[in-house]
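Reader: I would like to learn how to read salt bridges and helix packing in a model. Can we take them one at a time, with the structure in view?

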Amino acid sequence: MFSSFSSRSSALSMCLHRVAEMSLKTVGTALTRTILARGNGTPPVARSTKASRISTSCSLLADRQQGQSHERISGRPTGDAPSPSEPPHTRTAADKKRAPETVGAPGVPGVKRRSFTSDAAATDQRAYLWARYNDLKRLVHDLIPPGACKSLNAAAVYANNEVNLAEVDIYGFDYDYTLALYSDALNTMIYNTARRFLIEHFKYPEGIRKYDYIQNFATRGLHYDIQKGLLMKIDAFHYIEPGTVYRGLSPVPDDEVLQLYGGTFHVPLQQDSGFYGKGPKVKQFMDIFSIPEMTLLAVANDFFITNDIDYDPVHLFKDVSEAIGMVHLKGYMYKWVMQDLDNFILRGEETDAVLHQLVTHGKKLFLITNSPFSFVDKGMTHMVGKNWRDFFDVVIVQADKPHFFTDCIKPFRRLDDNGALRWEKITSLDKGQIYKQGNLFDFLRLTHWRGSKVLYFGDHLYSDLADLMLRHGWRTGAIVPELENETKVVSTDKYALNLTWLQALTGLMERLQMHRGTESKEVFQEWQREREELRVMTKNLFNPHFGSIFRTCHNPTYFSRRLSRFSDIYMTNLSSLLNYDQSYTFYPRRTPLQHEAPLWMDQLCTGCMKTPFLEDMSIIR
């Protein structure tokens, strides 16, 4: 099959350049369908007009130019394999009219399929496999036009669930990292102050002071094994991603990780983080404010290990958590921000524009935050102006989320203009007033704002969004600032090429795994090594330690699964809403499940090579 395809590769390549202007959404369709059409002659289901034209034109060009020599494209070392432009067997003119081969493998006449799974194969397995490899690699390179991923937009709103903004009447907001976005300088200040508390208050060794804050070491969504002192990345199926486990600042070898977890990368549910990310043995760091905490844990562990000092990781975790908490409880963070608003608060004018747009269209707004009123007032005045409270129908500060959403104990208290508590009973939530604490049940009773007409935005998937979606049916929007960098990486040609070839190579290994001779096993071992190299290269494009916050090797991360579960829509920041009108409907992309066929181009991802060659797979059916 593929040797026949190889002889026409030059003509096919000329044709495939015609799709260079296609978006990456159509690349996977063209790639899969072209190979399928060449492989078994069976027309794919639901061909689009565009794809049909491509396939037809390719066929005509190939027929006209059969027999022409092909320029070799460099690939992996092939040893004694023929060049990729030559099939494993020399073609003759009679081959063009040869009857379909019913007993041979595709492109290998006269050899029964069963012989490919034994050492008795009559053909050169190594040559055959490397020819398939090189043909596929050339095809992938031809099908990825330069700049194919440039259409990704960090300012877009992404949908996990269908949301019609025309049905939303009430918009709610968290404050920190939702209405107010902070610069990275704040993380450095939090780290430095917590490190000082750890040394001066908890009497930790002075040597820890030598460790400066490490920008971009940790990422949000990581797990920390409290008893073992390990920082790691876990996927949606509770499996640790190999190569992402750190003890201090040093990676832990995969073999050692297996020993530590009983011969598996799996973390049992009872040990993993609970509903709010705080399990008995493992904690998940879901808050953006937790990045300095992860970094301080890593450097403290590293100091004890490198200096061969005995310590208990459980005590270290508790002390670092308290040191970080002191930064917030003692008001240091609030003081820094209020003293230098221009340095710490980003994109305030965009927050102002969002609020103006919503109010202009008659939407009701409310604010529920854990931050104190003086801090919120200073920041909102900086971003929106002295009359910022006029935008909001209800303002609640020091709400103590997530308990605000689950408990019905704490009553609302009103604050006067100076921030002092009033003593009267709250019977209504009035515009222009400031309320403290309270609970969601009283909030619903007093406002009658229920169900899907309410859309609430926050950055913390557990504390801000989970209960509102699961218990109360509100619409939820997640603010994910990391999207800006992630979309930049995904938009690069290097990422597109690496990922597409990784997917294609994986598909090739899946289709040809029935070749189990000695030479075949050696080829597969080399392919597997290249596959691992591609995985590492792709991971390092995002973060050299932990990779993307959304993906492990091929599965969604634990963070990504929670994001899709607890948010209807997600975006880099609130200003993304400015790109849509108030009657816009966000539709989630209906990506195919593993047992479904990709029937529409918009469903496809980069390098969709999942559909196997039917004749190859018939051997193992």
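Reader: Is Glu-424 buried, partly exposed or exposed?

Author: This is a predicted model. Glu-424 has a relative accessible area of 27%. Buried means under 20% and exposed means over 50%, so Glu-424 is partly exposed.

Reader: Which residue forms a salt bridge with Glu-424?

Author: Arg-414 does. The closest N and O atoms are 2.8 Å apart.

Reader: Which parts does that pair tie together?

Author: Arg-414 sits in strand E15 (412–415). Glu-424 sits in the loop between strand E15 and strand E16 (434–437). The pair therefore ties together parts that are ten residues apart in sequence.

Reader: Now Asp-212. Where is the residue that meets its side chain in a salt bridge?

Author: The partner is Arg-195, at 3.8 Å from N to O. Arg-195 lies in helix H6 (185–200), and Asp-212 in the loop between helix H6 and strand E7 (223–225). These parts are 17 residues apart in sequence, so the pair ties them together.

Reader: Is Arg-195 buried or exposed?

Author: Arg-195 counts as buried, at 10% relative accessibility. Asp-212 is exposed, with a relative accessible area of 56%.

Reader: How many salt bridges does the count come to?

Author: The count comes to 23 salt bridges. One of them joins the side chains of Arg-590 and Glu-596, at 3.4 Å from N to O. Arg-590 counts as exposed at 55% relative accessibility. Glu-596 is partly exposed, with a relative accessible area of 27%.

Reader: Which residues do salt bridges that share partners join into one network?

Author: Arg-196, Glu-200, Glu-206 and Arg-209.

Reader: On to helices. What describes two packed helices?

Author: The angle between their axes and the distance between the axes. Take helix H5 (residues 125–143) and helix H18 (residues 493–511). Their axes come within 10 Å and cross at roughly 150°.

Reader: How are H5 and H18 oriented to each other?

Author: Angles over 145 degrees count as roughly antiparallel, and H5 and H18 are therefore roughly antiparallel to each other. H5 passes H18 in a right-handed crossing.

Reader: Which residues make the contact?

Author: H5 brings Arg-132, Tyr-133, Leu-136, Lys-137, Val-140 and His-141. H18 brings Leu-497, Thr-500, Trp-501, Ala-504, Leu-505, Leu-508 and Arg-511.

Reader: How many residues of each class does that contact have?

Author: The contact of H5 with H18 has eight nonpolar, two polar and three charged residues.

Conventions
Residues are numbered from 1 along each chain as its sequence is written. This is a predicted model: local features need pLDDT of at least 70, side-chain atom pairs count only at pLDDT 80 or more; totals for chains, interfaces and linings use all residues. Side-chain values use heavy atoms; hydrogens and water are left out. Axes are lines fitted to C-alpha atoms, for helices over the stretch in contact, and angles run from 0 to 180 degrees between N-to-C directions. Helices (H or I, at least four residues) and strands (E, at least two) are DSSP runs, numbered from the N terminus. Angles under 35 degrees count as roughly parallel, over 145 as roughly antiparallel, 65 to 115 as roughly perpendicular and the rest as oblique. A crossing is left-handed if the near helix is turned anticlockwise from the far one by less than a right angle, and right-handed if clockwise. Contact means heavy atoms within 4.5 Å. Ala, Val, Leu, Ile, Met, Phe, Trp, Tyr, Cys and Pro count as nonpolar, Asp, Glu, Lys and Arg as charged, and the others, Gly among them, as polar. A salt bridge is a side-chain nitrogen of Lys or Arg within 4 Å of a carboxyl oxygen of Asp or Glu. Buried means under 20% relative accessible area, exposed over 50%, partly exposed in between (1.4 Å probe, protein chains only).
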